[in-house]
Amino acid sequence: MTVFLMDKFTRIGFLGIFLVLLQANILPGQEVEPADSLLQAVLAQPDPAIRKSQLLKFSHRYARSAPALAMEAAKEGMRLAHEEADKSGEALANSDLGDCYWNLGQHQEALPYFKKALQLREEIPDSAGIARSLNNIGAVFWRDGNYPQSMEYHLGSLRIRKALKDSGAIAHSYLSLGILKNDVKEPSRAMGYFREGVQMAEALGKQRMQATFYNYMGASAQQLGAFKQAEEYYQKAQDTYVELGDAVGQAAHYRQIGRLYLQEGELQKARKALNKALQMERQQHDQEGIARLLIDLGEAARESRDFNASITYLERGLELSKQIGLKAGMRDAFEQMARTYETAGNYRQAFNTYKRFQVLQDSIMDAAKAQQLQDLYVEYDIEKKEQQIQVLNLQKERDAAENAKLSQEKQRNIVIGVGVGLLLLSLLGYSYSRTRLEAKSNKQLQHKNQLIEAAKQRSDELLRNILPDEIAEELKETGKNPAPRRYEKVTVLFVDFKGFTTIAQQLTHTQLVAELHECFLAFDKIVEKQGIEKIKTIGDAYMCAAGLPVPTPDHALRAVRAALEMQQFMAFFKEERKKMGKPYFEARIGLHSGPVIAGIVGIQKFAYDIWGDTVNTAARIESSSEVGRVNISQDTYELVKHEYTCQYRGKVFAKNKGEIDMYFVEKLRSEASVPLSLSS
């Protein structure tokens, strides 16, 4: 059995292709018996070779419907295969164990078994098996939200399947890759994979596979805004599902058509279709499908202005997504909750929820980012080529001037016979004309080169304003995709303002932006002085990191110094605003140290960004801080305790992180002043 990167309804349909019915191979005439009775009969088989074969067939068949029994069979089959030095059987047992864990929702537990199966199949070697293992591993990375890794494994599987010319397996790979592209919002690329795959499915006469392709092609068309085409694809899929009696496929259809109605503003039809899908998914006990539909219904309820129902649906969808480890579901739930709070006028709650969405979204490295970055390099190469063309055009102008001068020289040669005097005059005229033309040509070339250089400088300045100098230089000089880099020792700093919503209601939009600009400008100067990299602002939140892109051993000290200076500025800002009778911001600051992944994301408004658990934890440390204080984690404290005195706060609960040891930074150890506390 192979785990595919797709929604549950697709996996059920396709995995069925690979389930080998035991039939007479296990107990002739008794295949209708309960799985536990069949397993006991297999275990009683006296011949080890036959017992091993039947155990592996049992684990293969029941990995989905009875995973606990299938695990028992796979482990015993693995032991027998190992004793016989049967690497093929051992690989199959490992793969089946991975499938069992996958079907139990324990995706990370499945990964070691899928990797062991891959290792054994590479030793045999078994090309078709290697492709299946790569596909399985890619599915785990997909569920974990690691899209670049997932894409790498699925493309590797596709390359092998193409070499084997296995049309059915190739079609499966196209389906997996297309679904991944849909998931990272690249519907055009997804549609390309689906069109290739559906033609293969049609040629192979695989109706269920065709229907699944049509369903996802509808999803791609819907993302592209081609609603009529999307509806046509959905209807093709539904007709086949009904013909085949495929309840899982029909549930998927109702979900997709419900989302289509939602996008078209047909809210009553949308909620009816989504509820129908939810009912069918519950009958199938499909936890992933249920989670996604709860989120869809939350979105539909918001559009119907039923805000309480919306939040209820979304909270249930979020909780279920957490239980089954569905990162994409958690991300979507937070995003929709933020929109519901915003629509309902609860802006503070909307912003807090959006921050959770953003932190989760940042931890999911889209495969799309790598492609978008590659497009950026292509544009940069085009710009360089255009500059080269400008220089070549200038050279052509110069050559044309030279040719004109040569033509003049020939004409002058005609008058040589007129006399030495005229010849001398002609030569003098030629020399003078040549000098003037060369001077004019050189001046034009110099002027255009200056324009090119000025444009290049502006481009460089813009690039450096967006990216760190080291990254910008690599982008310009190599023209290669700088892979995301892991930095082991970084300190991440978050700043957030208290009372932002209240103050926002007291100021005009222009005044509010001006106030934020003044604070962020001060923060920019502080981080620049301390040699820290500003990452981004999100609403009224400010994020920076010390220790990258150039690693520095004192990253934590730099970040703490910056944080204290920021709070000093905010205290000054507060006093000034109070004197003028104006509202003022107060800031919470949190820091955490650890490893991060850093790289460039996007092509439109592309940016240098960081991801990882360190970022998520820093955000939680900030939200657990107090106004006027600098709150740090135990990891950061260990790096600065020799320079700063800190107040231990004990174990403080942080949402989704549990209890974390936290400290308030007070003062430099060399200072005799009172602890820094700027809260009123």
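Tutor: We can start with two phenylalanines, Phe-520 and Phe-523, both of which are buried (under 20% relative accessible area, where exposed is over 50% and partly exposed lies in between, with a 1.4 Å probe and protein chains only). This is a predicted model, in which local features need pLDDT of at least 70 and side-chain atom pairs count only at pLDDT 80 or more, while totals for chains, interfaces and linings use all residues. Residues are numbered from 1 along each chain as its sequence is written, and side-chain values use heavy atoms, leaving out hydrogens and water.

Student: Which helix holds Phe-520 and Phe-523?

Tutor: Helices here are DSSP runs of H or I with at least four residues, strands are runs of E with at least two, and both are numbered from the N terminus. Phe-520 and Phe-523 are 3 residues apart, about one turn of the helix. The helix spans residues 509-529 and is α23.

Student: Are the rings of Phe-520 and Phe-523 stacked, edge-to-face or tilted?

Tutor: Rings of Phe, Tyr and Trp (its six-membered ring) pair if their centres lie within 6.5 Å; planes under 30 degrees apart are stacked, over 60 edge-to-face, and the rest tilted. The count by this rule is 18 aromatic pairs. For Phe-520 and Phe-523 the centres are 6.3 Å apart and the planes are at 45 degrees, so the pair is tilted.

Student: Which residues do ring pairs link into a cluster with Phe-520 and Phe-523?

Tutor: Both phenylalanines are buried. The cluster linked to them by ring pairs is made up of Phe-497, Tyr-542, Phe-569, Phe-573 and Phe-585.

Student: Is Leu-557 buried or exposed?

Tutor: Leu-557 lies in helix α24, residues 555-579. Beyond its neighbours within four places in sequence, Leu-557 is in contact (heavy atoms within 4.5 Å) with Leu-639, Val-640, His-642, Glu-643 and Tyr-644. Its relative accessibility is 14%, so Leu-557 counts as buried.

Student: Which residue in β8 stands opposite Ile-632?

Tutor: Ile-632 belongs to strand β6, residues 630-633, where Val-630 and Ile-632 on one side and Asn-631 and Ser-633 on the other are all buried. Strands pair if DSSP finds at least two bridges between them; 3 bridges join β6 to the antiparallel strand β8, residues 658-668. The residue opposite Ile-632 is Tyr-663.

Student: How many disulfides does a search of the whole structure find?

Tutor: A disulfide is a pair of cysteine sulfur atoms within 2.5 Å. Cys-100 is buried at a relative accessible area of 0%, and Cys-519 is also buried at 0%. The number of disulfides found is 0.
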